[in-house]
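Here is a short briefing for a modelling reader. Please keep the sequence and the coordinates open beside it.

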Amino acid sequence: MIHVIFKELKELARDGRFKIVIGISLILLVIATITGVNQYQKNNEQYINSVAKERSIWETQGAKNPHSAAHYGTYAFKPQFALSLFDYGVTKYTGNSIFLEAHSRNEASFSEASDQTSLARFGTLSINFVLIYLFPLIIILIGYNSYTKEKEHQTFRLLKSQGVHPVKLALGKWFAIYIPIFCLTLIVFLLLGIVLSNLENLAFFSWNSLLILFVLYALYYLIVTTLTVLISMWSKSSGMSLVSSLVIWILFSFISPKVATNFANKNNPYPSKSEFNTRIAEDKKNGLDGHNPWNKAAKKLEEETLKEYGVDSISQLPFNYAGYRMQKGEEHEAKIYEKHYAILNDIAIQQNSTYKKLAFLSPFIPVRFLSMDIANTSDNLHWKFTKAAEEYRIKKQAFLNNDIKDNSKLGDWNYKMSAQRFKELPKFSFTPPKLSNLLTENKESLVFLGFWLLLPFITMIWASKKI
Amino acid sequence: MITIQNITKKYGDFTAVNNLSFNVKEGEILCLLGANGAGKSTTINMLLNFTNPSSGTAEINGLDVVKNPIKTKEFLTYIPENLMLYPTLTAIENLDYFTKLSGKKFDTSELQLYLTEAGLQEEAHNKRVKTFSKGMRQKVGIALAIAKESKVLLLDEPTSGLDPKSSNEFMELLTKMKNEGVAILMATHDLFRAKEVSTHIGIMCSGVLENHLNTPEVSLKELETIYLDIMNFKNVS
Amino acid sequence: MFKNNLKYEIKLLIRSHWLTILLVSVLLLFTFATFNGQKNVEKRLSDITKVENELHKKDSVMVTTLKKIEKGEKIDGPYWRLPSEPMTIGYRHPRLAIMKPETFSFLATGQSDMYTHFKSPTVYGNNFALDYSEMVNPVQLLFGNFDLAFVIIYILPLLIIAFTFNVLSKEKELGTLRLLSAQPISTVNWVLQKMLIRYIVFTGVILLILLTMFAVFSKGIFSDIGTLAGLLIIISGYILFWFVLSCIVNIKLNNSSKNALALIGFWLLIVLVLPATINQLGSTLYPTPSRLKMINEIRLIKKENEEKQNEIMSEYLRNHPELAQESNQDKFGFWHNYFASEKVMEEKTKPLLAQYETQLRKQQKLVSVFQFLSPAILMQQSLNKIAGTSENHYNDYKKQVFEFSNEWRNYLVPMLFKQQKFTIKNYNELPQFSYKNRVPNKIWFSIGVILLISCIIFFAFIGGSLRDKSVQKLLN
């Protein structure tokens with residue numbers, strides 16, 4: 001088998017086309033890395049500055065009524081994860097900042113894509129772009145004629161007459177196609193790791209994640225290699241083999257994901273933003289309103305509170321009832337948001353599961369999802385971030401409302417919280433999920449990848465004996 | 001009809017045809033004999049303007065092929081060593097297509113007549129060419145020559161790979177065309193067929209025309225001796 | 001020769017089953033894409049209907065309350081919730097600014113999946129910095145839609161490549177080329193004729209199926225014959241470009257597998273790599289300032305604003321003397337303050353926001369230069385423009401909403417300061433928004449560009465071969 005591998009590699013090394021393609025890919029990788037690092041550093045610096053500035057704005061707002069401060073609000077910023085320069089994922093389409101104010105949960109606003117031209121929809125050149133779209137093409141280019149060339153030059157009969165075991169021959173060719181791409185990928189990831197570990201202010205970089213990413217792409221290339229060899233075995237001519245492999249590539253990387261989008265949208269449509277807001281407003285209207293003492297639920301709360309403390313009027317309560325009502329209102333509203341966002345999250349999960357189920361059409365899909373997830377640039381991560389921001393908002397509201405409740409008198413709307421106390425609000429921090437958690441969350445995708453690894457491979461072994 | 005004067009073809013340092021001159025008149029068959037790489041095919045390619053001579057001139061019907069690459073092709077038919085036709089078209093359709101490309105137009109019955117004249121059995125006329133043997137395809141080629149009323153026929157190894165019967169039939173067709181006044185140039189390494197069908201024989205070796213004979217003046221045995229002498233002499237030197 | 005070639009080329013195509021394969025695959029792709037496009041438009045329309053109904057419901061409640069107030073009945077609730085207050089109408093009952101789909105919207109999703117198609121600008125709040133993004137699963141934006149634009153831009157070229165990559169090389173490899181070259185014809189002309197015939201057949205099939213799809217799914221577009229003609233011509237132009245490229249590769253390389261690889265290479269370059277690289281370079285060369293920075297700056301302005309509110313107030317009153325009230329100053333103090341600070345916010349943030357627009361415009365300029373390099377970009381831009389889903393359309397929509405929000409404010413704010421109550425009569429004469437497509441699609445320009453590109457590369461690369469009557473280059 002070693003001979004087969006060497007012979008194939010020798011042929012490859014002498015092929016000018018291979019050199020050209022590798023050259024172009026490497027140039028693109030270099031451009032992608034330079035622009036990626038550049039953007040990452042700029043964004044990260046901006047992130048660090050913004051966090052610091054926003055905090056100082058918060059801390060230096062001076063003595064103020066806590067509820068005004070709540071309306072003035074603050075921002076939660078999404079950290080720039082180290083591997084986001086490898087795979088931009090959906091970051092372009094999700095905002096990086098969430099405004100945290102009283103009474104409402106806001107969406108992350110200002111996605112990068114809305115500040116760019118529609119060219120962005122073609123995709124963006126990134127390292128992952130080259131790895132996931134172009135590298136499989138290199139495999140196809142190397143392997144499409146692995147069997148057909150032997151058939152066309154009639155060397156196949158000669159080979160068979162030498163008594164080479166067909167499985168060994170197949171494996172030899174398979175390895176010979178895979179080895180160059182494996183080495184190339186290994187080099188790319190090693191260099192990337194070195195570049196990354198030399199950057200300053202890198203957030204959440206881990207060699208483990210990079211290693212898993214490497215394994216992921218290496219596995220994807222294995223699948224593509226197997227399929228390429230299989231197609232070459234079954235094709236009558238090199239031309240047919242090339243065309244079939246390319247059709248498969250296009251099906252995998254373009255058609256399936258887009259078809260999945262349409263299915264996902266059809267099966268689990270997102271509500272429009274205004275529809276979503278209307279539903280929330282509807283629920284809010286029927287519930288407790290912290291501002292409106294005439295509201296039914298507010299009256300009920302008043303009665304209950306009075307009963308609980310055994311007093312007749314709110315002025316006799318040991319705390320400022322206005323602050324208490326405000327906090328209760330806030331808690332109630334937060335629950336409404338939680339409910340509706342849970343529904344929304346559910347739709348998102350359903351949609352993503354439609355995507356992931358369509359992985360049986362294309363191994364590209366699970367790889368794409370896993371890659372984003374590990375790089376912390378996925379939809380999944382964005383949800384985690386928005387949830388963390390909401391938790392922080394609730395904490396912040398409680399902090400401010402309780403201050404009114406405990407430190408001010410009823411009806412004293414001129415009460416001001418001391419400037420110093422703003423500093424006591426804990427800072428917002430967000431840590432991405434652990435790698436092991438991510439992998440468990442993506443079990444489904446991993447299983448699909450397993451199938452894609454095994455089934456074509458078994459078919460290849462089986463088919464190699466038949467020809 | 002075919003005139004070649006002092007023609008030379010060089011590929012870099014390699015001389016494929018060296019100062020070659022001959023002519024083939026109407027009603028003559030010149031067979032070019034020689035081993036592989038002797039320059040026979042190159043000579044034919046130059047007559048077709050498939051490749052330009054480095055020096056010298058080639059003329060068909062008095063016209064220089066380099067200056068009139070398209071006009072000269074009106075007078076000739078070329079049958080390559082392995083004549084290929086469109087596999088999904090029938091014999092008649094192929095013939096129709098190629099005659100029309102030559103600016104001629106015939107109806108189906110006329111085309112059938114030409115195919116019959118070229119010796120293709122009638123049941124094959126409407127069959128797709130992908131099932132045809134080399135001999136059958138060559139007959140379509142001859143039919144094309146008849147239909148075009150070609151004055152010149154250029155043949156490159158026409159009998160290689162043919163079974164003896166087809167080969168014999170093909171030679172008869174050539175004789176018939178010769179008698180009708182066609183000038184035929186045939187490259188071959190089949191001494192026996194050359195002696196049988198040609199009026200003249202040229203023996204080529206390393207791009208040089210070593211000997212030019214009138215066929216009736218030599219016997220097959222003498223021809224073989226001359227041929228082998230030239231080959232051996234060249235190999236020794 | 002042409003008639004003969006035409007007859008046999010079509011015969012050959014039919015016998016090799018190519019036409020059947022083409023017909024079936026194009027039919028499948030186009031049906032699915034048109035269907036999807038239509039579904040997207042339907043979703044957009046149904047979302048619009050939902051918000052319209054919502055507004056009607058809210059309005060009818062509001063009108064009933066208004067009637068009660070006008071009759072002098074007492075209403076429970078705080079005064080700032082009463083619809084007779086102009087500010088309540090202005091803030092709680094805004095009108096809808098709807099962007100209805102165009103007739104051709106089903107063609108290209110464009111940016112329509114990112115942005116909302118209805119906005120309700122209120123009398124106060126940051127109307128100048130509204131977020132127009134729609135609620136959407138970002139994965140969908142990442143993968144994109146399977147719409148006609150995708151099929152036309154990405155898949156058609158591949159079909160063309162498969163359909164033409166070996167027109168000449170196949171003849172060479174089969175051996176028929178030697179026989180052909182021995183005929184009294186110009187072989188280059190003969191190849192070009194074959195290509196032309198295939199072009200006509202291919203374009204014919206595509207346009208026919210496209211028209212069928214339109215007739216089945218979207219009859220409306222036949223009312224706009226001008227744009228429809230432009231659309232069909234630009235598609236034909238795009239197909240022509242790929243045919244010209246294939247012609248060049250066929251004549252220059254003339255080896256089936258090399259042809260296929262070269263053409264795939266071009267496809268990758270034009271459809272995938274160039275746009276992605278230009279996009280990346282565009283955002284590196286003309287980066288939009290960070291939105292995070294903008295947030296910081298707006299926050300700082302807000303903070304300053306609050307501190308300086310009193311000063312600002314008098315400044316504002318100087319600008320708007322008609323609003324200055326001699327009496328009741330206290331009662332309106334809040335609103336004066338509010339509008340004044342908003343006005344100042346708006347003035348101060350204007351240059352900040354303008355940066356985004358200028359950078360975006362610069363990026364767009366870069367794109368419009370590079371569309372000469374990649375017809376795929378040109379096609380995307382043109383199709384989006386025809387569909388009314390380009391970023392220009394959404395930017396213009398934002399502008400129109402902003403203009404409308406001023407109109408809205410100008411109607412209600414004077415009422416507030418003149419102490420007028422809002423009545424049924426006012427309700428009936430409220431300003432209404434109607435979206436106008438003000439972005440020219442410049443389709444004939446794009447058609448000109450794509451034809452020019454095709455001509456230039458055609459003559460630059462095979463102009464020489466046209467004059468060369470010998471067949472030597474093709475045979476070797």
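This is a predicted model: local features need pLDDT of at least 70, side-chain atom pairs count only at pLDDT 80 or more; totals for chains, interfaces and linings use all residues.

Residues are numbered from 1 along each chain as its sequence is written, while chains are lettered from A and ligands numbered from 1 in the order in which they are written.

**Chain C against chain A**

- This contact takes 71 residues from chain C and 72 residues from chain A. Two residues are in contact if their C-beta atoms, placed from the backbone, lie within 7 Å.
- On the chain C side, the elements that give two or more residues are α2, α4 (138–143), α5, α10 (256–285), α11 (291–307), α13 (329–370) and α14 (375–387). Helices (H or I, at least four residues) and strands (E, at least two) are DSSP runs, numbered from the N terminus.
- α10(C) gives the most to that side, with 16 residues.
- By class, the side of chain C that touches chain A has 31 nonpolar, 27 polar and 13 charged residues. Ala, Val, Leu, Ile, Met, Phe, Trp, Tyr, Cys and Pro count as nonpolar, Asp, Glu, Lys and Arg as charged, and the others, Gly among them, as polar.

**Chain B against chain C**

- Here 26 residues of chain B are in contact with 23 residues of chain C.
- β6 (76–79) and α2 (91–101) of chain B are the elements that give two or more residues to the chain B side.
- α2(B) supplies the largest share of that side, four residues.
- The side of chain B that touches chain C has 15 nonpolar, seven polar and four charged residues.

**Helix packing in chain C**

- α10(C) and α14(C) pack at an angle of about 85°, with their axes 8 Å apart. Axes are lines fitted to C-alpha atoms, for helices over the stretch in contact, and angles run from 0 to 180 degrees between N-to-C directions.
- α10(C) and α14(C) are therefore roughly perpendicular (65 to 115 degrees).
- Ile270(C), Val271(C) and Pro275(C) of α10(C) meet Pro375(C), Ala376(C) and Ile377(C) of α14(C). The residues of this contact are six nonpolar, no polar and no charged.
- Helices α5 (residues 148–164) and α9 (residues 225–252) of chain C pack at about 40°, with axes 10 Å apart.
- By class, the contact has ten nonpolar, two polar and no charged residues.

**Sheet in chain B**

- Four strands form an open sheet in the order β2-β1-β4-β5, with antiparallel pairing. Two strands pair if DSSP finds at least two bridges between them.
- The edge strands are β2 (14–24) and β5 (63–64), and each pairs on one side only.
- Seven bridges join β1 (residues 2–11) to β2(B). Ile7(B) stands opposite Leu20(B) in β2(B).

**Gln38(C)**

- Gln38(C) is found in helix α2 (residues 18–71) of chain C.
- Gln38(C) is partly exposed, with 18 other C-beta atoms within 10 Å (buried is 20 or more, exposed 12 or fewer, partly exposed in between, with C-beta atoms placed from the backbone).
- Leaving aside neighbours within four places in sequence, Gln38(C) is in contact with Phe106(C), Phe217(C) and Ser218(C).
- The C-alpha atoms of Gln38(C) and Ser105(C) are separated by 8.3 Å, and the two residues are 67 residues apart along the chain.

Note on methods
Angles under 35 degrees count as roughly parallel, over 145 as roughly antiparallel, 65 to 115 as roughly perpendicular and the rest as oblique.
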